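Please take a moment with the sequence and the model below before reading the notes that follow.

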Amino acid sequence: MKALLAGVLFCLFYVGAVAQSVLENNPTNLKFDQVQTPHFRVLFPQGFDVQAQRVANTLEHIQTPEAKSMGETPRRITIILQNQSSQSNGFVSYLPRRSEFYTMPAQDYNFVGTNDWLDMLASHEYRHVVQYKQATRGLNKAIYFLFGGTTFVGMSHIAAPQWLWEGDAVATETTFTPSGRGKIPRFDLVFRTNFLEGRTFNYHKQYLRSYKHQIPDHYVLGYHMVSYLRRKTGDPDIWNKVTTRAWGMPIMPFTFSNALHRETGRYVTGVFNDMAAELKKEWQAEVDKLQITPFETIFKSSGKAYTDFKYPQALSDGSVIAMKEGIGDIEQFVLLEKGGIRTVFTPGYVNDAGMLSASAGRLAWAEYGFNPRWRVKNFSRIKIYDLSTGKTRIVSDPHGRLVAPALSPDGKSVAAIRSTSDYQHQLVIIDVASGSEVRAFPNTDNNFLSMPRWTPDGKSIVLLKGQSGVKTVTLMDVKGSATRDLIPQANENIGHPYIYGDYLLIASPVSGIDNIYAIHLTNGLRFQVTSSKYGAYSPTVSPDGKWIYYSEQTRDGLSIVRVAFDPSSWQPFSPPPEDNTSLSQTLVNQEHGAGFWSAIPQQKYPVSRYHKISGIVNPYTWGPYVSNDLVQINAGIFSRDLLSTFEFNAGYFYDLDEHTSGWKGGLSYQGLYPIIDLNVSYGDRENKETAFGAEADFKWKETTVEGGLRIPLLLTRSKYNRNLTIGNAVGYTHTTDFNNTVTRNNEVIYKGPSRITFLNDTLAYMFQDQLNDGDLLYNRFNISFSNLLKRSERDFLYRWGQTLEIDYLSTPFGGDFEGNLFAARGAFYFPGLAKHHVFYTRLATQHALESYQPNTYTFRNRIPKPRGHSYPDDAEFTTAQFNYALPVWYPDIALGPILNIQRLKANFFYDWGQGKGYQYYYDIKNLDVYQSPTNATYQSLGVEATIDFNIFRLLPRGEVGLRSTYRLENKFNDAGMVFEFFIGNIGF
C-alpha cells in the first residue's frame, strides 16, 4: 500500500495548499468568445477568431489519429487560448478540467523546430487529454468518481511516471508534426553527451535528477524510453498495454514497473538499462565516423558544476561577451577577456530567443515584464546595457511584445520581432536613443519570423522566415522594400543566420548533429564549417573578420571556441541519406505520420459570446484532504470556473489536536482588481491549557464569519522577485455554550462559564487568549513584501533578499471583547563564505494589549519563538534568529525503489528572544487585582540537518530534518537539549 500512501499524501497536501491562492487570470475587461466543435469547445479573447478557427479545425483533424495508439476517444474538453501573455506555454489540467494554450510563439528554433507554434501545442497537449482518458479506468475511475480530480490526478501520476506522460506527448508531436522535439538534436544534447562521456547514470538518477550533475528533464528521458520500446517491440500500442494495467490498479506498489514486466519481461530499470546500452552504442558508432574539426577554446566550464556559455558575441577589442548559466548559476552576462572572466550584468527573467546581440559597446536582450495584478498578462521588452557606463534601460514599449533584439553595427538601432496578441509577426526597427519605432516591415503572409541579424554594413537584416513545415533565410533592405530568400524553403531546422562577406553562416542539424554551415551567396554552394562531436551553436564573426566564434558542447557544458574564418578549410557538404531506423522515423513509420499536417480542414464554425457567469460553478474535486499544518482532516468540495476568476469550497472538518469537528466554507472572487474573500465556519471547539499546576479544559461552540479584500501585486522588474500584498479583513466570532473545567491532581476545582483558573481559595488567573460566551468583532490588516534574488538549481535559499510582513489585529467595532495586536517580522538573506552558502537572519517583534479587565482578549501569537522554547503570552516579545546554511553533500544514493537521497544540508543557528509583560491574579474575596512580571530572555543554539529526497520513484522532492537545540538557562530554568523532527517547516 506504499503507492496508496504516497498518493494520499500528494492529494491531501495539494488540496490543502489552495487557500489564499492568487489565480492565474486576465484583466476584468477582457471578453471571451467561443467556437464549438463535435469534440472541443475553444474559448478565446474577442478578436482572436482566425486562430481560434484554425485551432478548432486542427484539433478535430488530429483527435482520432493521435488517440489511436492509446485506444481512447476523450470526452469533450474546453481549450482556452491565452493571448495576453508573452510567455510560450501550454498545459492540460483536471483542476478544473481544461487545456490552456499560451499563444505567444516560442522564438528558440531548437524548441519549436519548423512547426507552427499553435500546431505544436495542439499536438502535444491533446495527447495529454488522451492520456487522462486512458487513466480513467479500473480502480482509478472509481477514485475519480469518489474523490474528484485532485486525487485522480495524484493517483494517475503515481501509477505512471512523469516521464511517460511527457515522453509519450513528445513522441506524438514528433510523429505527427513536421518537426517535433524528437527530431531536434539539441533536445537530447545533454542526454547524449552524458552517455558518451561515461555518465550513464542509473534509472533513479536519470529520472529523479541530481544536484551534482546536469541531468536533462523527464521530457528527454521519456521520449527516449517511449520511442525505444516502440522500436524494439515494433508495437505502436505497447504503452497502451502497459498503462492499461498500471492505471487500472494504481494503488498496487510499483504498478507501472510490474505492468511493464508483464508486457515486456523487463522491469522499468531493465528497460532503461537496455535503452541506454543500445543508444550509447548507436551514438558512439556515429561519433566514430566523424572527423572532428579542431578549434581553439576561449573559455570553458571549470568542471565543478555543469555550466553553459551561450550566444558568444565578439567585440572590437577582442573580448567576447556571452550568457552564462548552469546548475549552480542563474543567468548572467559575462565578459571573456585575456585576464579571465567577469560578470558584467545579471538580467531579470530573460525571454530567451536562443540568441544575444552585442555591438558598439552595447548589449541587447529581451526580458519579461509583468502586469502587477493580472498573472496571465505579461510583456516582453527590449533592454540595452551600456558596457562603458554600466547603465541599463528599456528601449521599447514596456507593455509590448518584442523579442529577439539585434543591434545594428553602430549600436544606434535595434531590430526585433513583434508578435502581436492576434498572432501577427512583424520585423521592426527601434531607435535606441529615443526608444521610438522607426520602421515596421510588412508581412502579408504572416510568416513566422525569428533571429534577425544586421549585415556588417548596416544596410540589411537577415532573419529566419517560415510557415508550418518549411523555413528559409530572408534578407531585408533596411531603407527600401526589397526582400530576398537566400536559400530554398525546406523542412530543415536552421538557425542563427549570420552574413559576412560572400557567405551566409547558419546552424543546422541536417547531419544528425548540430553544426555550422556556410552558404555562398552567389552560387548557393554549401560548406560544412564544423564537424562537432556533440553540437556547435550560435556562430558569429569577429569584427575584423578573422574568427568565427561559437558554442561547442563539452562534457561539462557549452564552451566558447573559435575557428579561423577560412573558406578554403571548409568541406563541401552533401546531405546524408535518411536514417529509417532512427527513433523519430520509427514513430512516423508506425503511425504513417508523414505529411499528416498538410491536410488540416478549413471549416468555419459559428462564433458565440462566452458569458463568464455561465460556468461560475464548476466542481473539480471532492473528498478528504488535510490542512498544511497537518492539524485538520477535511472532507469537502472545491469549485473553480474555467477562466480562474471564482473559486469556492465547502465541507466538514475534524481537528486532530482538539478532537472537535464542524463545517466550513469559503469563496474567493478574483475577477476584480482587489480579491474578495469570504470564509465561514461553525463547529465545536476545545482547548486545554495548564497554569500553576492546574489544568483547564475549555469547550464551546463557535461561529466565525470573515470577509476581506486583498491586492496581490507582482512588482518584478529585474533579477529580484518582488511581491507586495495588502489586505484587510473584518471578522465576527460568536461563542456559545462555553464551559471551563479546572482540575488539580485530578480533582475538579471549578466548572463554569468563565475563563478563570483558581489557584487557591483566594486567587484566580484568567486565560485572556480564550473567548467565553459573547461576540468578538475584529479587524485584521496585513501587508507583506518580498524582494528575493533568483535562484539556481543548487540554491536552496536566497543568496540575497529581504522579506517583511506586518499584521495588525484590533477590535474597533465594539462587541463583548477588546484587544489588539501588532506583529512585524522580516527576513534578510546574505551570501555566505562559499557558493550556495547563505547567512540569514529573521527578526520579529510583537505588541499586544494586556490588561486586567475581564473583557480583554489576546490574539494568538504571530511571530516565531526561539527554537526549543515555549514561552508565555507576553504583551511584548522581540526575537532574532541568526542562521548559517550550507549544502554538505550531494550523495545521489538510491535505496532501491523506496528512497532516493539527493542532498544533505546543514543549518547552524542562534536564537534570542525577549519577553515583557504581566500576569494578572484576581483576589476573589477582596475584589483586588495583583500583577506579576513575566519578563524573561530566551536563548538557544543548535544545528539542523536536512535531506532532500524522493520516495517510491516519485518526481516531487521532499525535505525532512532533525533539529538539535541547546536551550540556554532563563528565569524558568528550562535549559538543556531538545531534539525535534520536522518535515519542511512543520515541526513535531
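**Strand pairing and helix packing**

In this predicted model, Phe448 stands opposite Gly466, a residue of strand S20.

**Strand S20 and its partners**

- Strand S20, which covers residues 460-467, is mostly covered, with 7 of its 8 residues buried.
- On one side of the pairing, strand S19 (residues 448-454) runs antiparallel to S20 over 5 bridges, and the two strands form a hairpin with 5 residues between them, where Gly458 in the turn has a positive phi of about 75°.
- S20 also pairs in the antiparallel sense with strand S21 (residues 470-477), here over 8 bridges, and Leu464 stands opposite Val473 of S21.
- The hairpin of S20 and S21 has 2 residues between the strands, and Gly469 takes a positive phi near 95° there.

**Helices H8 and H13**

- Helix H8 (residues 189-196) packs against helix H13 (residues 268-288) at an angle of about 90°, with the axes 9 Å apart, and because angles of 65 to 115 degrees count as roughly perpendicular, H8 and H13 are described as roughly perpendicular to each other.
- H8 contributes Phe191, Arg192, Phe195 and Leu196 to this contact, while H13 contributes Met275, Ala276, Leu279, Lys280, Trp283, Gln284 and Val287.
- By residue class, the contact of H8 with H13 comprises 8 nonpolar, 1 polar and 2 charged residues.

Note on methods
Residues numbered from 1 in each chain as written. Predicted model: local features only at pLDDT ≥ 70, side-chain atom pairs only at ≥ 80, totals over all residues. Heavy atoms only, no water. Buried < 20%, exposed > 50% of the residue type's maximum accessible area, 1.4 Å probe, protein only. Helix = DSSP H or I, 4+ residues; strand = E, 2+ residues; numbered from the N terminus. Pairing = 2+ DSSP bridges. Axes fitted to C-alpha atoms, helices over the stretch in contact; angles between N-to-C directions. Parallel < 35°, antiparallel > 145°, perpendicular 65-115°, else oblique. Contact = heavy atoms within 4.5 Å. Nonpolar A, V, L, I, M, F, W, Y, C, P; charged D, E, K, R; others polar.
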